[in-house]
Amino acid sequence: MNEQSMNMQIRKFLKKVGVTSQREIETALRKAADSGALRAGGEVPLSMTLHIDSLGVSLVIKDTLEVE
């Protein structure tokens, strides 16, 4: 296994995930704020799930966004 190549491929995947996820979260927050469903001072729980079916990996990462 070529460690450098694997590292670069993982970084490319994570960059794609990060950029796409940020865009979706921002869009959802704007829509909720515009509709009045979300107000400043609130919190939004969120989670991200990573599945690697062929390797038997399933990981859930949870956090909370504070809306100012």
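## The hairpin

S1 and S2 form a hairpin with four residues between them, and Gly56 in the turn has a positive phi of about 70°. Strands are DSSP runs of E with at least two residues, helices are runs of H or I with at least four, and both are numbered from the N terminus. This is a predicted model in which local features need pLDDT of at least 70 and side-chain atom pairs count only at pLDDT 80 or more, while totals for chains, interfaces and linings use all residues. Residues are numbered from 1 along each chain as its sequence is written, and side-chain values use heavy atoms, with hydrogens and water left out.

Strand S1 covers residues 43–52 and strand S2 covers residues 57–66; the two run antiparallel and are joined by 10 bridges. Two strands are said to pair if DSSP finds at least two bridges between them. Val44 stands opposite Leu65 in S2, and His51 stands opposite Ser58 in S2.

## Overall form

The chain has one helix and two strands, in the order α-β-β from the N terminus on. The radius of gyration of the chain is 16 Å, well over the 11 Å that the globule rule gives for 68 residues, so the chain is more spread out than a compact globule. This radius is taken over C-alpha atoms, and the rule is 2.2 Å times the number of residues to the power 0.38. Along its principal axes, the C-alpha trace spans about 50 × 20 × 15 Å.

## Burial and contacts

Buried residues make up 4% of the 68 residues in the chain. Buried means under 20% relative accessible area, exposed over 50%, and partly exposed in between, with a 1.4 Å probe and protein chains only. Among contacts (heavy atoms within 4.5 Å) between residues at least 6 apart in sequence, 29% join residues at least 24 apart.

## The N terminus

Met1 lies in the segment before helix H1 (3–35). Met1 is exposed, with a relative accessible area of 81%. The C-alpha atoms of Met1 and Arg30 are separated by 43 Å, and these residues are 29 apart along the chain.
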